[in-house]
Amino acid sequence: MPRYTVHVRGEWLAVPCLNGANTVGWLGREAVRRYIKNKPDNGGFTSVEEVKFYVRRCKGLGLLDLDDTVEDALEDNEFVEVVIEGDIMSPDFIPSQPEGVHLYSKYREPEQYISLDGNSLTTEDLVSLGKGLYKIKLTPEAEAKVKRSREVIERIVKEQKVVYGITTGFGKFARTVIPNSKLMELQVNLVRSHSAGVGKPLTPERSRMLLALRINVLAKGYSGISLETLQQVIEAFNASCLPYIPEKGTVGASGDLAPLSHLALGLIGEGKMWSPKSGWADAKYVLEAHGLRPITLKPKEGLALINGTQMITSLGCEAVERASAIARQADIVAALTLEVLKGTTKAFDTDIHAVRPHKGQAEVAFRFRSLLDSDHHPSEIAESHRFCDRVQDAYTMRCCPQVHGVVNDTIAFVKDIMMTEINSATDNPMVFAERAETISGGNFHGEYPAKALDYLAIGVHELAAISERRIERLCNPSLSELPAFLVTEGGLNSGFMIAHCTAAALVSENKALCHPSSVDSLSTSAATEDHVSMGGWSARKALRVIEHVEQVLAIELLAACQGIEFLRPLRTTTPLEKVYDLVRSVVRPWMKDRFMAPDIEAAHRLLVEQKVWEVAKPYIEKYRREHIPESRPGSPTAFSLGSLAKKTHIGHDHSHQNEL
């Protein structure tokens, strides 16, 4: 018998349908009837007949014709929403879809798998899992390790030993021994009581990342979870059944207890859950719609699900990958600005960077050379001012290798910490099967990722700080020799005037966000947990800083391309012309004032999706093969500072003088 799950004013109702010929309108009326029946005040209605409504799918929000039959319009167990005319949505109402639902209406269940063993996950893999590109399975070795660690727990319970978190309470209640008859209740109570987070829920991508990372940690075999329970968690992930996880509430030790408890709460069939099929609904309905059963927690399993740094670290992995992407593309955007402002390429000479051999600095200088080398791909713009009387460029252009370079090195440092953290066991107590014992420790403390992500925010912010100054130079006619604010008929048109203000506002906001979260600590749990990392905020604000950096660079990208318009018919280098063409495929030239926000968003999307890098990368890598011997096939290293010893002169002849 078909059954449908119907959402009416915040209530989820299971409505069976005996006759497939019943209409969508009948389904809506039946749901409203059940809603009224369940309310003491009848929901404010006197009868079903007076209620006017429309019905839409939860997935994609498509409106349904009330006269269509449910058999023709809906799939069995589909989730729909009845919207009553005249209702005003409360700002606290959980919508049937999260933010960014347009990205998920295209969701397709993946066919490929990533095998997890707890030791070899990468940040790139985790981001891909978050995007729903793969399902998960365990390696045979991981399954065996999980089984062995569970045997230790079963032995402890059978022998009635007193072990923290298994046969005792938690935190301040660690000395309270729990009888065997209540050990399962203990785990459920733990999950329920610790589900105390607040704020907006994580997006589906971030919820997937969190769930995938917890699975990877459990796969290491030091948590004591049963293989049966872990397989149920994997099945929920593979079906994209994602619990409601508020973003706020973790202090980052003892692990990310609140968000991971919300994760576990959905898996045991309580609280809210989201899937592409259902939208938001009660967890038990979402699991049932996918043919899954709520998890029944056995001793230690609640603690195994919630104790660790996975909230901090999963968000941190997204931050690292987005930071890497925008750092690469910042070099391309800055190179385009340098061309528009008729700057010199002398500052990127190999000898300069060989005598200060920071890896990031050398790589950034190399990218500038690969994009601007006029011998390799001539620039008519560069040729037009080859014999000008200007001297050295402003620091915002000349010092890009030094400023962008340390950002690259910061990202590499943080990524190394994240790679270790995502493949680490962070439970307490730890279960060591080879020793047949559990040991209490502090691997749940989030200080490592917290400190690293504070550092990441500080480092990446500088890309926006220097970019905003380049935008100022592009918009200021006394510095750019271009029309004021990059628009004709200035005064009638304001051009990029306020776009620059937006960039300045974002940079200023970042200055506050870059204050380290991990320098703070507040004692919790009756002084049992007397030092914490505050890493959850470190991760969330790092992501916000990186988004602001992306947006500032999107504005610079638009401004630089607009500057090109005033230099036509002259052309820049081939790779930068390709970047210009990419931008113009989504944003037309600024001939007169128009609504600018969509243009900024379109350019931002190009950067987020790494389209700018994809266009320029082939030219950068070709230049690398031709100019750095070590990068050729069969060579021992792809990049070596020794390769910079040979001086490469590029660009035009500015007569540079010494200056401070």
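The following is a conversation about how the parts of this predicted model are named and joined.

User: What makes up the protein chain in terms of domains, and where do the bounds come from?

Analyst: The chain is divided into domain 1 (3–84), domain 2 (113–307) and domain 3 (316–522 + 532–626). These bounds come from an automatic or database domain assignment.

User: How do you know that domain 1 and domain 2 touch, and how many residues does each give to the contact?

Analyst: Contact means heavy atoms within 4.5 Å, and 10 residues from domain 1 and 12 residues from domain 2 take part in it. The C-alpha centres of the two domains lie 33 Å apart.

User: What is the area buried between domain 1 and domain 2, and why is such an area given for an interface?

Analyst: The size of an interface is often given as the accessible area lost when the parts come together. Between domain 1 and domain 2 about 920 Å² is buried, and carbon and sulfur atoms give 56% of that area.

User: Why is the pair of arginine 3 and glutamate 288 called a salt bridge?

Analyst: The definition asks for a side-chain nitrogen of Lys or Arg within 4 Å of a carboxyl oxygen of Asp or Glu. In the pair of arginine 3 and glutamate 288 the closest N and O atoms are 3.3 Å apart, so the pair meets the cut-off of 4 Å. Between domain 1 and domain 2 the count is one salt bridge.

User: What makes arginine 3 and glutamate 288 a polar contact as well?

Analyst: A polar contact needs a pair of N or O atoms within 3.5 Å, one able to donate a hydrogen and the other to accept it. The side chains of arginine 3 and glutamate 288 are joined by a polar contact of 3.3 Å, and one residue pair in polar contact, with both residues at pLDDT 80 or more, is counted between domain 1 and domain 2. On the side of domain 1 that touches domain 2, the elements giving two or more residues are strand 1 (3–8) and strand 2 (11–16). By class, that side of domain 1 has four nonpolar, three polar and three charged residues.

User: Where is arginine 3 placed, and which residues does it touch?

Analyst: Arginine 3 is in strand 1. Leaving aside residues up to four places away in sequence, arginine 3 touches Ala14, Val15, Pro16, Asp76, Asn77, Glu78, Tyr285 and Glu288.

User: Why are strand 2 and strand 4 said to stand at the edges of their sheet?

Analyst: Five strands form an open sheet in the order 2-1-5-3-4, with mixed pairing. Strand 2 and strand 4 (63–64) each have a single partner strand, so one side of each is left without a neighbour in the sheet.

User: How do you know that strand 3 and strand 5 pair?

Analyst: Two strands pair if DSSP finds at least two bridges between them.

User: Which pairing joins strand 11 and strand 12, and how many residues lie between them?

Analyst: Strand 11 (residues 272–275) and strand 12 (residues 279–282) pair in the antiparallel sense over four bridges, and the two form a hairpin with three residues between them. The bridge partner of methionine 273 in strand 12 is alanine 281.

User: Why does the salt bridge of lysine 415 and glutamate 124 tie together parts that are apart in sequence?

Analyst: In this pair the closest N and O atoms are 2.5 Å apart, against a cut-off of 4 Å. Lysine 415 lies in helix 17 (residues 400–422) and glutamate 124 in helix 4 (residues 123–130), so the pair ties together parts that are 291 residues apart in sequence. A search of the whole structure finds 35 salt bridges.

Key. Residues numbered from 1 in each chain as written. Predicted model: local features only at pLDDT ≥ 70, side-chain atom pairs only at ≥ 80, totals over all residues. Heavy atoms only, no water. Buried area = accessible area lost by both parts, 1.4 Å probe. Nonpolar A, V, L, I, M, F, W, Y, C, P; charged D, E, K, R; others polar.
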